[in-house]
Amino acid sequence: WIAIMLLAIAGWKFTYGLENYVDINFHDPSFYLLNGVTLHENGLPDAENGPFYAVWFYLLSLTQPDRIELFYRDYKLLTILLPLMIYLVLRRCSVSSIAALVGSALSLVSFFNFPSFTRVSHFAVCIILASLVGASFARRFQTATAIAALGALFASYVRPELFLAWMMLSILCVATFLYGYWREVRGRDLIPLGLFVLVNAAVLYFLGIPVAGGRGVVAFAEHFAINWAGWTGSSLDPWT
């Protein structure tokens with residue numbers, strides 16, 4: 001708890017006054033913010049447009065209605081929350097408290113954390129790390145795999161490409177449950193498997209499939225265009 005408090009205080013100090021030298025980004029971050037503050041009017045965005053991140057913005061807006069301040073509050077909180085989650089995962093992996101604290105502190109000030117404007121990725125990583133912390137408390141490998149798979153599913157409603165991770169973990173989860181059932185036939189072992197399938201099916205039914213739309217194709221096109229311009233030395237603007 002002392003280490004967590006130290007990280008939180010350091011994060012607060014590190015992000016204090018960032019609105020004086022970090023400008024508002026009018027691309028993806030503002031898009032997600034708008035989805036959040038209009039959630040009660042327009043409902044949840046499509047599955048491929050980060051509905052869980054919109055819910056995050058909506059909850060933050062309940063305490064901070066000013067949209068400019070809301071932008072910076074999200075920026076600050078995710079900058080601080082990420083190293084805190086990294087610390088918890090490291091400790092659950094039996095890393096010493098000193099090494100975990102140093103590693104988490106370095107992640108606080110690292111290039112991948114603070115300067116990056118893609119805060120949506122930070123939010124997705126925090127969901128994944130939280131699921132790994134939860135999985136670390138499971139006594140059985142099957143249960144841990146199920147928790148990790150659910151974490152990947154929830155994260156895919158922030159970053160749709162993580163849906164592939166959910167598919168792989170779900171296959172692993174079902175296979176381990178069936179293998180355990182085959183090794184020692186016990187009807188009660190099928191109950192958690194049924195609950196896992198039911199929860200996943202319910203989430204997919206009500207929220208939709210994150211990769212069902214065209215956003216993934218657009219994202220691939222953008223990355224390919226950037227790489228192609230680099231490979232060929234083209235003067236064309238890859239974003240156009």
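Which residue lies over the face of Phe137, and at what distance from the ring centre?

Author: Arg92 lies over the face of Phe137, at 3.7 Å from the ring centre. A charge sits over a ring if NZ of Lys or CZ of Arg is within 6 Å of the ring centre and within 35 degrees of the ring normal. Arg119 is placed over the face of Tyr75, with 4.0 Å to the ring centre.

A note on the basis of these values follows. The model is predicted, so local features need pLDDT of at least 70 and side-chain atom pairs count only at pLDDT 80 or more, while totals for chains, interfaces and linings use all residues. Residues are numbered from 1 along each chain as its sequence is written, and side-chain values use heavy atoms, with hydrogens and water left out.

A pair of aromatic rings is described by the distance of the centres and the angle of the planes. Rings of Phe, Tyr and Trp (its six-membered ring) pair if their centres lie within 6.5 Å; planes under 30 degrees apart count as stacked, over 60 as edge-to-face and the rest as tilted. A search of the whole structure finds 16 aromatic pairs. In one of them, the rings of Phe52 and Phe154 have centres 5.9 Å apart and planes at 50°, so the pair is tilted. Because Phe52 lies in helix H4 and Phe154 in helix H8 (residues 141–156), the pair ties together parts that are 102 residues apart in sequence. Helices (H or I, at least four residues) are DSSP runs, numbered from the N terminus. Phe52 is partly exposed at 24% relative accessibility, and Phe154 is partly exposed at 30%. Here buried means under 20% relative accessible area, exposed over 50%, and partly exposed in between (1.4 Å probe, protein chains only).

The rings of Trp56 and Phe123 are also tilted, because their centres are 5.1 Å apart and their planes stand at 40°. Trp56 lies in helix H4 and Phe123 in helix H7, so this pair ties together parts 67 residues apart in sequence. Trp56 counts as buried at 18% relative accessibility, as does Phe123 at 11%. Ring pairs link Trp56 and Phe123 with Phe31, Tyr32, Tyr53 and Phe57 into a cluster.

Leaving aside residues up to four places away in sequence, Phe123 touches Phe52, Tyr53, Trp56, Leu78 and Val158, where contact means heavy atoms within 4.5 Å.

Lys76 forms one with Glu19, the closest N and O atoms being 3.3 Å apart. This pair links distant parts of the chain, with Lys76 in helix H5 and Glu19 in the loop between helix H1 (2–15) and H2, 57 residues apart. Arg159 and Glu161 meet in a salt bridge at 2.9 Å, N to O.

Methods
Salt bridge = Lys/Arg side-chain N within 4 Å of Asp/Glu carboxyl O. Helix = DSSP H or I, 4+ residues; strand = E, 2+ residues; numbered from the N terminus.
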